[in-house]
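Trainee: I am new to this structure and would like to learn how to read it. Could you walk me through some of its features?

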Amino acid sequence: MIFRLSDFHFPDSAARLYPATPGRPWVLEVGFGDGRFWPHHAATFPEAPNYLGVELSGVSLLKAERRLRAAGLANAVLTKLPALPLIREVVPEGALDALVVNFPDPWPKAGHEEHRLLRAPFFRLAASRLKPGGAVLLTTDHDEYFEFACREAEASGVMRTERTGTPPAALETKYALKWRDLGLGANHARFVPTRHPHVPHGTIARYPDPEDSPAVPHAILTLPPHFDPTAFHKQTARGGQTREDAAGWTVVLLDLCRSLKQDGWVMLAHVVEGELTQEVLIGITAREDGRHLVRLSRFGGPIITPGVKAAVGAVTDWLAGQGAQVTHRGY
Ligand SMILES: C[S@@+](CC[C@H](N)C(=O)[O-])C[C@H]1O[C@@H](n2cnc3c(N)ncnc32)[C@H](O)[C@@H]1O
């Protein structure tokens with residue numbers, strides 16, 4: 001089953017995601033590609049564990065979904081997202097039996113190590129989300145990345161590294177077959193938590209029901225008598241770096257469009273928070289009392305994050321700069 005970010009709860013639970021099989025082991029695979037690992041690996045268990053797969057490529061997502069459906073793996077959830085926000089916000093602490101990474105992108109050029117997934121912060125996050133006895137399983141053809149990952153695991157201070165034989169299913173993936181055809185081998189390591197640090201979830205929430213809930217980021221204001229929407233120009237705001245390691249947010253207000261159906265406008269905003277990017281719509285609509293409501297629209301399934309609240313704030317601030325009197329800020 002394919003889930004969008006807005007289909008998840010923050011954090012979610014095995015009981016909600018796999019209602020028919022909540023008690024089974026739970027495995028997460030990062031970067032599943034065309035999905036060959038899981039049908040092979042699941043077949044080595046008496047009953048297929050619950051599976052959560054995360055992948056950046058939409059084409060791969062659809063191929064993998066077809067493959068898992070053909071294999072009859074009903075207790076599998078696939079999503080097209082970057083791995084870190086999914087693991088941090090969706091997976092509860094101490095929930096996973098295994099976190100699998102097969103042939104991660106190696107980012108081989110000097111100076112590109114910061115793009116690699118298996119760095120110390122990833123290992124600390126993984127250790128917090130794994131059950132006692134769980135492990136991160138890494139298979140890669142790339143010797144230099146393998147040694148890098150082992151050093152980063154050590155540097156995380158929460159992992160013990162066991163260099164072991166590669167699970168047979170990890171040698172059946174598209175990339176495994178590609179490297180095997182070239183005569184190359186694969187390295188494998190199990191990273192076992194030595195402790196389970198507390199890595200908190202962020203302050204993120206689902207879009208509430210109903211739409212007029214006060215929990216939807218909004219503001220109420222009175223527009224100036226000669227409000228000129230054509231004065232709008234694309235603009236960028238940054239903030240939210242409350243801790244040194246926090247990603248912070250960047251909000252780009254892209255365009256302001258007239259609504260043909262409602263008396264008002266719609267702002268298109270681009271919100272970036274670390275690896276997570278959302279395109280959101282923020283309505284500016286007339287109320288019966290003559291004031292205007294600035295409110296995050298449900299369209300597109302936005303998740304309410306600090307950056308999305310900041311986007312509603314940026315629209316409100318722009319309108320205030322145009323002479324609007326803000327009477328309420330609900331974000
Ligand atoms: C080299 S391919 C390996 C694919 C598959 N595991 C295999 O062995 O055939 C790496 C995959 O990881 C995915 N990927 C890279 N960074 C990711 C991230 N941050 N979150 C989720 N997937 C990611 C890429 O889209 C790509 O499909």
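Mentor: Gladly; we will go through annotated sites, a helix and some backbone features in turn. Keep in mind that this is a predicted model.

Trainee: Let's start with the annotations. Which residues does the UniProt annotation "binding site" cover together with Glu-29?

Mentor: In the unreviewed UniProt entry, one "binding site" annotation covers Glu-29, Glu-55 and Asp-105. These three are spread over 77 residues of sequence, yet they cluster in space, with a largest C-alpha distance of 14.0 Å.

Trainee: Is Glu-55 buried or exposed?

Mentor: The general idea is to look at the relative accessible area, where under 20% means buried and over 50% means exposed. Glu-55 has 11% relative accessibility, so Glu-55 counts as buried. You can find Glu-55 in strand E3, which runs over residues 50-55.

Trainee: Which residues is Glu-55 in contact with, leaving aside its neighbours within four places in sequence?

Mentor: Glu-55 is in contact with Gly-31, Phe-32, Gly-33, Ser-60, Thr-79, Lys-80 and Leu-81.

Trainee: And why does Asp-105 count as exposed?

Mentor: Asp-105 is exposed because its relative accessible area is 57%. Asp-105 sits in the loop between E5 and H5.

Trainee: What else does the annotation "binding site" cover?

Mentor: The unreviewed UniProt entry also has Lys-109 and Asp-141 under "binding site". Lys-109 belongs to the loop between strand E5 (96-102) and helix H5 (120-129), and at 57% relative accessibility Lys-109 is exposed. Asp-141 is in the loop between strand E6 (130-140) and helix H6 (143-156). If you leave aside neighbours within four places in sequence, the contacts of Asp-141 are Phe-103, Trp-179, Gly-185, Ala-186 and Asn-187.

Trainee: How should I read the backbone?

Mentor: Most residues other than glycine have a negative phi, and most peptide bonds are trans. With that in mind, look for the exceptions.

Trainee: Where does a cis peptide bond join two residues, with omega about -5°?

Mentor: That bond joins Phe-10 and Pro-11. Pro-11 is part of the loop between strand E1 (2-3) and helix H1 (14-17). A cis peptide bond also joins Asp-209 and Pro-210, where omega is about -10°. Pro-210 is in the loop between E8 and strand E9 (218-222).

Trainee: Which residue other than glycine has a positive phi near 50°?

Mentor: That is Phe-103, with phi near 50°. Phe-103 lies in the loop between E5 and H5 and is buried, at 10% relative accessibility.

Trainee: What is phi of Trp-107 near?

Mentor: Phi of Trp-107 is near 45°, which is a positive value too. Trp-107 is in the loop between E5 and H5, and with 35% relative accessibility Trp-107 counts as partly exposed.

Key: Residues numbered from 1 in each chain as written. Predicted model: local features only at pLDDT ≥ 70, side-chain atom pairs only at ≥ 80, totals over all residues. Heavy atoms only, no water. UniProt positions renumbered as here; feature names shortened; annotations may be inferred. Helix = DSSP H or I, 4+ residues; strand = E, 2+ residues; numbered from the N terminus. Buried < 20%, exposed > 50% of the residue type's maximum accessible area, 1.4 Å probe, protein only. Contact = heavy atoms within 4.5 Å.
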